[in-house]
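This briefing covers a single protein chain, topic by topic. The sequence and structure come first, and the notes follow.

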Amino acid sequence: MMANDRSMTVPFLKSAYPWLIVCCGMLFYCFNYFLRSAPSAMQNELTQAFHITGYQFGLLTSAYYWAYTPMQIPAGMIYDKFGVRLVLCAASLIATLGLSIFISADTFLLAWSGRFLIGLGCAFAYIGILKLASVWLPANRFAIVAGLATAAGMTCGAMTQKYITHVVDVSNYQAALHPALFAGVVLSIIIILVVKDRPWNQVNAANEMQAPMNFEQLTNALRIIFTNRQMWLIGIIGCLLYLPASVFLDAYCKQYLITVYQITPAQAVNVANLTFYGWIISGPIIGAFSDKIKRRCLPLTITGFFAAALLCFVFYMPIALNLWSLYCIFFLIGFCCGAHPLCFPLGKENNPIQISGTAVAATNMLIMLGGMIFPPIVGKLLDLHSTMIGTNGLPIYSSSDYTFALSVIPLGVALGIFLSIFLKETYCESQAKEADEKIFRPIPLRAETRAEPAAN
């Protein structure tokens with residue numbers, strides 16, 4: 001019996017260990033999501049601490065994306081070239097350093113610099129998960145991992161809003177962020193101890209290049225990706241469909257709900273969290289459903305249509321919604337936005353598998369342009385539309401100011417759904433051209449080199 005138990009345990013450990021490694025990547029993504037979404041719960045505190053306008057708050061929020069977004073391509077290439085373990089550990093330490101600067105900042109410029117460093121380290125988070133999944137798990141688990149990762153991040157986002165709102169009510173935003181410094185150091189240690197770059201018995205895995213890409217291959221990878229019209233469509237659509245998170249949830253949601261619907265900060269956080277929870281539930285479900293029916297575009301378009309309709313209802317319908325109506329509507333908005341991670345398998349399947357890290361990075365870079373561009377625009381629109389000035393010299397924003405400025409979100413989602421009509425279905429299979437795949441195939445060894453030595 002003991003021998004049988006041992007024989008059953010070994011296969012279980014072999015099958016569970018790849019998921020453990022992927023989960024380490026998800027932990028870093030959760031850490032990243034805490035750091036990314038924290039400003040939304042601290043808008044008033046940050047505005048008062050640095051005496052900034054809506055436009056400057058948008059700049060402070062977007063500082064994360066100014067580093068995060070352009071680093072996606074280099075991050076993907078770095079993963080493809082050097083593997084995940086050391087890179088992910090270094091990224092965690094950089095993000096932790098940025099957080100320490102942000103906490104101790106006493107000027108707007110220093111706080112902006114801290115947010116920039118946070119974005120620089122977190123640029124490796126989501127790509128790292130998907131790179132680990134592409135190496136350690138079967139291809140038909142990729143979309144599920146993308147959905148699970150998003151769900152994990154959204155869970156952390158929901159907890160972040162509630163936690164920070166509670167702490168700043170009794171203390172200050174620095175006290176709310178201090179525990180994350182310890183978490184960042186511990187996470188770096190976990191990554192370096194647990195994560196491996198590839199399975200031990202697959203040193204030259206079929207879906208991995210046998211040697212790091214040289215300069216010519218890197219150039220070819222960029223050429224293939226950025227001359228592919230589908231990649232641009234996927235990225236732009238993903239950017240527009242992600243605006244409810246990158247602009248609304250990450251920056252303005254709490255204050256919008258308080259101002260427009262006259263609810264308490266705790267109630268506003270609960271409404272925002274329902275959006276996260278809807279996203280959490282639907283991400284893995286829609287990912288698994290997409291893998292099952294072997295369709296990416298259909299779930300993306302249908303759910304996006306309903307998300308746009310619900311957002312328009314919230315922003316433009318002249319109906320006084322009660323708290324329970326807000327709970328239901330924002331949960332449904334989050335649920336419909338849960339198809340967004342399908343953009344990543346679409347990007348992966350439109351390129352050779354050997355450059356999956358770079359392809360996913362390019363997709364993520366285009367998607368995250370929304371967080372880089374739109375928060376300052378929304379802040380500027382708030383300042384332009386506002387007609388009231390407080391005693392401290394800062395603008396006071398009314399419900400009409402928020403509705404006007406945040407209109408970019410429902411209009412952007414609607415445009416994304418229109419563009420999705422032009423997406424080509426991949427049917428969960430690689431659509432890469434044979435000529436492109438040949439570029440990255442390892443050169444076969446010569447016959448005399450391959451020959452095995454004669455038996456003694």
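Of the 456 residues of the protein, 56% count as buried. The model is a predicted one, and its secondary structure comes to 21 helices and 2 strands. Among contacts with a separation of 6 or more, 83% come from residues 24 or more positions apart.

**Overall dimensions**

- The protein has a radius of gyration of 23 Å, which agrees with the value near 23 Å that a compact globule of 456 residues would have.
- Taken along the principal axes, the box filled by the C-alpha atoms is roughly 90 × 55 × 45 Å.

**Nonpolar cores**

- The largest nonpolar core has 133 residues, and within this core Leu177 and Leu406 touch the most other members.
- Helix α1, residues 2-41, gives the most to this core, with 13 residues.
- Apart from this core lies another, of 13 residues, and its members include Met77, Leu218, Ala359 and Met365.
- Neighbours within four places in sequence left aside, Leu177 is in contact with Phe34, Ala38, Met42, Leu99, Phe102, Ile103 and Ile164.

**Thr96 in helix α5**

- Thr96 is found in helix α5, which covers residues 85-104.
- Thr96 counts as buried because its relative accessibility is 7%, and the cut-off for buried is under 20%.
- Not counting residues up to four places away in sequence, Thr96 touches Phe31, Leu181, Gly184 and Val185.

**Helix α3**

- Helix α3 runs over residues 54-68 and has 15 residues.
- From its first C-alpha to its last, α3 reaches 22 Å, close to the 21 Å expected at 1.5 Å a residue.
- A bend of about 40° occurs in α3 at Ser62, and Ser62 is itself one of the buried residues of the helix.
- The helix is mostly covered, with 11 of the 15 residues of α3 buried.

**Helix α13**

- Helix α13 has 29 residues, 265-293, and spans 42 Å from its first C-alpha to its last.
- That span is close to the 42 Å expected for α13 at 1.5 Å a residue.
- α13 bends by about 30° at Ser282, and a proline, Pro284, follows within four residues.
- Just after α13, Lys294 takes a positive phi of about 55°.

**Cysteines**

- The structure holds 0 disulfides.
- Cys23 is in no disulfide, and the nearest cysteine sulfur, that of Cys24, is 7.4 Å away, whereas a disulfide needs the two sulfur atoms within 2.5 Å.
- With a relative accessible area of 36%, Cys23 is partly exposed.
- Cys428 is likewise in no disulfide, and its nearest cysteine sulfur, that of Cys297, lies 10 Å away.
- Cys428 counts as partly exposed because its relative accessibility is 22%.

Notes. Residues are numbered from 1 along each chain as its sequence is written. This is a predicted model: local features need pLDDT of at least 70, side-chain atom pairs count only at pLDDT 80 or more; totals for chains, interfaces and linings use all residues. Side-chain values use heavy atoms; hydrogens and water are left out. A nonpolar core is a set of buried Ala, Val, Leu, Ile, Met, Phe, Trp, Tyr and Cys residues joined through side-chain atoms within 4.5 Å. Buried means under 20% relative accessible area, exposed over 50%, partly exposed in between (1.4 Å probe, protein chains only). Contact means heavy atoms within 4.5 Å. The expected span of a helix is 1.5 Å times one less than its number of residues. The bend at a residue is the angle between axes fitted to the seven residues ending there and the seven starting there. The radius of gyration is taken over C-alpha atoms; the globule rule is 2.2 Å times the number of residues to the power 0.38.
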